[in-house]
Amino acid sequence: MQQHALEQFVARHQRLFILTGAGCSTNSGIPDYRDSNGNWKRTRPVTIQAFLGEAGTRQRYWARSMVGWRRFGRAAPNGAHRALAKLEEQGRCELLLTQNVDRLHQAAGSRRVIDLHGRLDVVRCLGCAATMPREQFQDELARLNSAWLAFDAADAPDGDADLDQDFSSFSVPPCEACGGVLKPDVVFFGEHVPRDVVASAQAHLEQADAMLIVGSSLMVYSGYRFVRMAEQRGLPIAAVNLGRTRADELLALKVEEQCETALSFLL
């Protein structure tokens with residue numbers, strides 16, 4: 001019944017502004033952060049302040065990332081990503097704004113995408129802004145820390161791994177160009193989404209005739225703000241999410257199913 005209502009909602013609108021979150025990628029093997037009540041399942045992610053403030057935090061982050069990337073970097077799109085790509089193919093997607101950093105929407109064929117929180121497959125220098133592919137940086141980490149290749153750990157969100165070791169011997173290379181600190185090209189907790197990214201997404205929202213949320217509890221304000229903007233414009237809002245969202249009272253329709261299942265009618 002809920003899926004039929006969602007199908008009707010999608011059919012009624014030609015310019016959908018789609019906002020996706022971690023729940024869209026869980027069936028691709030990438031864990032999410034929150035439970036069905038919107039609470040943290042694990043220790044909160046590293047903040048930008050801690051990452052910049054302590055070399056030990058950077059050692060811990062990159063050691064765990066080196067282990068986690070081996071699976072994260074091979075993750076493939078699932079049916080939810082493919083279904084949303086179909087909507088764009090049909091000319092009914094004004095924009096897909098994703099809070100995910102895995103680039104799986106693009107891998108599924110979506111092109112009208114803004115990565116709200118950046119992308120994990122790129123590493124950026126905080127000194128000179130030089131960038132390199134994450135795979136290249138992975139090779140350098142492995143070269144400098146070959147003994148760590150023997151470690152394995154359970155996957156954690158966003159390419160992290162639940163590795164618990166003494167990280168003091170882990171070597172983190174600086175930027176080859178300027179010696180600066182290297183960071184994944186993503187928005188860390190405590191960091192602001194770039195203004196031009198927000199402005200571009202907002203411009204698309206002003207052209208949309210409805211909003212569809214897929215796999216997000218909206219507990220992070222950077223995504224939730226767009227739901228408030230949609231509500232202020234009087235746009236109908238539908239959500240697919242297992243459990244509570246921060247915007248439940250603003251929704252015209254809510255479907256509590258796995259994203260892949262709820263969107264299967266599009267495939």
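Predicted model: local features only at pLDDT ≥ 70, side-chain atom pairs only at ≥ 80, totals over all residues.
**Second largest pocket.** I started with the second largest pocket, which holds about 260 Å³ of space. I took a pocket to be an open set of points on a 1 Å grid over the protein atoms alone, where a 1.4 Å probe fits, with protein on both sides within 12 Å along at least five of seven lines. Grid points are joined across faces, edges and corners, and the volume is the space filled by probe spheres set on the points. Residues are numbered from 1 along each chain as its sequence is written, and side-chain values use heavy atoms, with hydrogens and water left out.

I then asked what lines the pocket. There are 17 lining residues, a lining residue being one with an atom within 4 Å of a point. Nearest the centre I found Gly-118, Asp-185, Val-186, Val-187 and Pro-194. Strands β3, β4 and β6 each supply at least two residues of the lining, and β6 gives the most, with four. Helices (H or I, at least four residues) and strands (E, at least two) are DSSP runs, numbered from the N terminus.

**The β5-β4-β6 sheet.** I followed β4 and β6 into their sheet. Three strands make an open, antiparallel sheet in the order β5-β4-β6; two strands pair if DSSP finds at least two bridges between them. β5 (131-133) and β6 (182-186) are the edge strands, each pairing on one side only. On average, neighbouring strands here are turned by 40° against each other, direction ignored. Axes are lines fitted to C-alpha atoms, for helices over the stretch in contact, and angles run from 0 to 180 degrees between N-to-C directions.

Between β4 (residues 118-125) and β6 I noted four bridges. I looked up Arg-124 and found that its bridge partner in β6 is Lys-183. Helix α3 (residues 55-72) touches β4 and β6, and its direction makes about 140° with that of β4. Helix α6 (residues 134-144) touches β4, β5 and β6, at about 80° to the direction of β5. Contact here means heavy atoms within 4.5 Å.

**Strand β7.** Next I checked β7 for burial, where buried means under 20% relative accessible area, exposed over 50% and partly exposed in between (1.4 Å probe, protein chains only). Five of the five residues of β7 are buried, so the strand is largely enclosed by the rest of the structure. Ala-210, Leu-212 and Val-214 sit on one side, Met-211 and Ile-213 on the other, and both faces are covered.

Ile-213 stands opposite Leu-19 and opposite Ala-239 in β8.

**Helix α4.** Eight of the 11 residues of α4 (residues 79-89) are buried, so this helix too is largely enclosed by the rest of the structure. Among the buried ones are His-81 and Glu-88. I looked for what covers them, and the cover includes α1 (2-12), β1, β2, α5 (104-108), β7 (210-214) and α9 (259-262).

**Ser-110.** This residue is in the loop between α5 and β3, and it is buried, at 1% relative accessible area. Not counting residues up to four places away in sequence, Ser-110 touches Leu-84, Ala-85, Glu-88, Leu-96 and His-105.

**Helix α7.** In α7 (residues 195-205) the buried residues are Val-197, Val-198, Ala-201 and Leu-205. Seen down the axis, they fall within an arc of 95°, so they line one face of the helix; the arc is that of the directions from the helix axis to the C-beta atoms. The face turned away carries the exposed Arg-195 and Asp-196. Cover for the buried residues includes β1 (16-20), β2 (93-98), β3 (113-115) and α8 (221-232).

**Positive phi.** Most residues other than glycine have a negative phi. Arg-103, in the loop between β2 and α5, has a positive phi of about 60° and is partly exposed at 23% relative accessibility. Leu-218, in the loop between β7 and α8, has a phi near 65° and is buried at 2%.
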